[in-house]
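This report describes how parts of one chain pack together. Look at the model first, then read on.

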Amino acid sequence: MHLTLDHDRFDALQAAFTAELVERIRIKLIEAGIRNAQLEDLTASIALSIAGVIDDLAQIETNGLEVHPYLTFRTSEHELVHWGENAYTYDQVYGLLQRLFHPRSVR
């Protein structure tokens, strides 16, 4: 497996990944009967919590073992694309939430 540093491709892949993550959270909450402002608040809370874990912003330690995630994307059978440092899905969540819940206010 070849690890490729490619900021542009990583950017596009991470944006698609983060959008899918936020949308799936929203859908599951709707299926659970959550609506209106509570839907937005819970979607934001869950998405930001998960993004923080993915981006290695949360300290994860279990039985003395520290865990530090590093996001990569498989683009072929033999290639992984990375950013060169921690992901930044957390930063992307805010814009996605605006587009999902307040599309008219997004320019």
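## Two helices in contact

Phe17, Leu21, Val22, Ile25, Arg26, Leu29 and Ile30 of helix H1 touch Leu39, Leu42, Thr43, Ile46, Ala47, Ile50 and Ile54 of helix H2. Contact here means heavy atoms within 4.5 Å. By class, twelve of the residues in this contact are nonpolar, one is polar and one is charged. Ala, Val, Leu, Ile, Met, Phe, Trp, Tyr, Cys and Pro count as nonpolar, Asp, Glu, Lys and Arg as charged, and the others, Gly among them, as polar.

The structure is a predicted model: local features need pLDDT of at least 70, side-chain atom pairs count only at pLDDT 80 or more, and totals for chains, interfaces and linings use all residues. Residues are numbered from 1 along each chain as its sequence is written, and side-chain values use heavy atoms, with hydrogens and water left out.

## The sheet

Three strands make an open sheet with mixed pairing, in the order S1-S5-S4. Strands S1 (2-5) and S4 (73-76) are at the edges with a single partner strand each, so one side of each has no neighbour in the sheet. Strands are DSSP runs of E with at least two residues, and helices are runs of H or I with at least four, numbered from the N terminus; two strands pair if DSSP finds at least two bridges between them.

S4 and S5 (residues 79-82) run antiparallel and are joined by three bridges. Glutamate 79 in S5 is the bridge partner of serine 76.
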